[in-house]
Amino acid sequence: MSELIKTIDFSPLFLSLKTGILATVLTFFMGIVAARFIMKLNHTAKSIVDGILTLPLVLPPTVAGFFLLLIFSLRRPFGSFLFEQYNIKMVQTWPGCVIAAFVIAFPLMYRNARAAFEQVDVTMIHAGRTLGLSERKIFWKIIVPIAAPGLASGTVLAFARAIGEYGATTMLAGNILGKTRTVSVAIATEVAAGNWEIAGFWVCVIVILSFFMVAFINLVSGKSGRYYNGW
């Protein structure tokens, strides 16, 4: 095992963690904003917008990656505009890994945030309005703290999904060692090259990380639900 570890380039692990952390930060705030926005819509508009925001969750990741490639390719208007005006390039770059992970992980955070907000007792909101609090203060000081367990679960799920993203990442960011090769991409690469031992090592890393993510979700859910046990 020690000899195997000496031969492994750990850059995919660092890239995956770095990508997962930044993508999770983006999904956390964007998911909360989207969940708050959609709750203000009427039923028809809510159904349409919710379907659009949830679409990456049900589409194959390669399809999402295809759309991202259409948007950010340097041969497309938006991609060429970003590169020419701001020198921003998403194709075959690390920012492309972040964007791909964000798009795939976003629905998990959004749906958990929406579910958590919908379970908040409206009497608490009415009480805040009675006390003269603004809608913004009610949201951040009443709704968000009450919905915290659901938000925490969504954040962990989004992080776990982000570090395990493969399809959209390979479509948009490619497979460049030390630059865009994440752990999931490394597993597929090593298997294709016949390096089963190295691929197995990365599989163990992902399994361990995923286990801790699930265990953390269970701890958070257990704390939020203990008040309802025994009645």
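The legends below describe an overall view and several close-up views of one predicted model. In this predicted model, local features are reported at pLDDT of at least 70 and side-chain atom pairs at pLDDT 80 or more, while totals for chains, interfaces and linings use all residues. Residues are numbered from 1 along each chain as its sequence is written, and side-chain values use heavy atoms, without hydrogens and water.

**Figure 1. Overall view of the protein, with 12 helices and zero strands.** Helices (H or I, at least four residues) and strands (E, at least two) are DSSP runs numbered from the N terminus. The C-alpha trace spans about 65 × 50 × 25 Å along its principal axes, and buried residues account for 40% of the 231 residues; buried means under 20% relative accessible area, exposed over 50%, and partly exposed in between, with a 1.4 Å probe and protein chains only. Among contacts (heavy atoms within 4.5 Å) between residues at least 6 apart in sequence, 73% join residues at least 24 apart.

**Figure 2. The largest nonpolar core, with 38 residues.** A nonpolar core is a set of buried Ala, Val, Leu, Ile, Met, Phe, Trp, Tyr and Cys residues joined through side-chain atoms within 4.5 Å. The residues with the most contacts inside this core are Leu68, Phe72, Ile99, Phe117, Ile143 and Leu151. Two or more residues each are given by helices H2 (11–38), H4 (61–72), H6 (94–118), H8 (135–146), H9 (148–163) and H10 (167–172), and the largest share, 14 residues, comes from H6. Apart from this core lies another, of 11 residues, among them Leu13, Val183, Ile187 and Phe201.

**Figure 3. Helix H8 and its buried residues, including Ile143.** H8 has 12 residues and reaches 15 Å from its first C-alpha to its last, close to the 16 Å expected at 1.5 Å a residue, where the expected span is 1.5 Å times one less than the number of residues. Ile138, Phe139, Ile142, Ile143 and Val144 are buried in H8, and the cover over the buried residues of this helix includes H2, H6, H7 (122–130) and H9. When residues up to four places away in sequence are not counted, Ile143 touches Phe117, Val120, Ile125 and Ile138.

**Figure 4. Arginine 114 in helix H6.** This arginine is buried, with a relative accessible area of 15%. With its neighbours within four places in sequence left aside, Arg114 is in contact with Ala35, Ile38, Lys46 and Asp50.

**Figure 5. The ring cluster of Phe10, Phe201 and Trp202, linked by ring pairs.** Rings of Phe, Tyr and Trp (its six-membered ring) pair if their centres lie within 6.5 Å, and planes under 30 degrees apart count as stacked, over 60 as edge-to-face and the rest as tilted. Phe10 is partly exposed at 28% relative accessible area, whereas Trp202 is buried at 2%.

**Figure 6. Charged side chains over the rings of Trp94 and Phe139.** A charge sits over a ring if NZ of Lys or CZ of Arg is within 6 Å of the ring centre and within 35 degrees of the ring normal. The charged end of Lys18 sits over the ring of Trp94, 4.6 Å from its centre, and Arg36 lies over the face of Phe139, at 4.5 Å from the ring centre.
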